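Hi everyone, thanks for making time this morning.

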Amino acid sequence: MKITIFAATGGIGGQLLQQAVVAGHDVTAVVRNPKKLSAPVRVVAADLASSDPATLRSAVKGADAVLSGLGARSASENGVAWRGTRAIIEAMEDAGARRIVVVSAAPVGTVPSPGRPNPPENDPGDGFFMRTLLSPLIKRVLRSHFADLARMEDVLRESSLDWTVVRPPRLTNGSVTGIYRTAYGQNLRRGALVSRADVAHLMLRAVAQPETLRRTIGIAY
């Protein structure tokens, strides 16, 4: 399978790259700094904050699937997820590529956005402690980050693409296990943690699952 991976040097992107190569896929990695990569893949240098449309089109042309680990790593990068994803979508639509799987975050289902100004107050998968204490605190601390991801989900929903959004809780650096719980359209009760490696595992698995098209998936241990 031909796969294009954006943010391939990030925490989840790096796992996507490693697992895709091991699985024998034909991989194109899109990164800002190609010097950070040593994997035997095609590399395209692009900064999604100021990307050249022709470069992005060449990166996704002919791809069976596009996988994105894009997200802000600091407050100064807030907005990169939705703007970068919008650029990826435009490139895919121009190039005729259709399948995209991206990573978001567990709290985003209850975060207001231009496309969803009145989301549910609580996620149906969250328990009492998460609803009343932890989730409100997390959303206050990371308000801009989650707003960026919520708007990213907006641009996906508004696109013509076959998208899937994976929403993990707190991420760890654990190894890939392939053993985790998932739920469509909601978080997992008592699901506080999952490794970046297992998020990548689910994203790669979802590519070939038509039941995941245009849906969000919660994941946790």
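Which residues of α3 are buried? Keep in mind as we go that this is a predicted model. In α3, the buried residues are V80, A81, W82, G84, T85, A87, I88, I89, A91 and M92. An α-helix has 3.6 residues a turn, so residues three or four places apart point the same way.

The helix itself runs over residues 80-95, which is 16 residues. From first C-alpha to last, α3 reaches 22 Å, close to the 22 Å expected at 1.5 Å a residue.

Let's zoom in on α2. Its axis and that of α3 come within 8 Å and cross at roughly 65°, and the crossing is right-handed. On the α2 side, the contact uses L56, R57 and V60; α3 brings A87, I88, A91, M92, D94 and A95. Sorted by class, that contact has seven nonpolar residues, two charged and no polar ones.

Before I stop, two loop residues for you to click on. A7, in the loop between β1 and α1 (11-22), has a positive phi near 60° although A7 is not a glycine. R190 also has a positive phi near 60°, and R190 sits in the loop between β8 (181-184) and β9 (193-195). Is R190 buried or exposed? R190 counts as exposed, because its relative accessibility is 74%.

Terms used: Residues are numbered from 1 along each chain as its sequence is written. This is a predicted model: local features need pLDDT of at least 70, side-chain atom pairs count only at pLDDT 80 or more; totals for chains, interfaces and linings use all residues. Side-chain values use heavy atoms; hydrogens and water are left out. Helices (H or I, at least four residues) and strands (E, at least two) are DSSP runs, numbered from the N terminus. The expected span of a helix is 1.5 Å times one less than its number of residues. Buried means under 20% relative accessible area, exposed over 50%, partly exposed in between (1.4 Å probe, protein chains only). Axes are lines fitted to C-alpha atoms, for helices over the stretch in contact, and angles run from 0 to 180 degrees between N-to-C directions. A crossing is left-handed if the near helix is turned anticlockwise from the far one by less than a right angle, and right-handed if clockwise. Contact means heavy atoms within 4.5 Å. Ala, Val, Leu, Ile, Met, Phe, Trp, Tyr, Cys and Pro count as nonpolar, Asp, Glu, Lys and Arg as charged, and the others, Gly among them, as polar.
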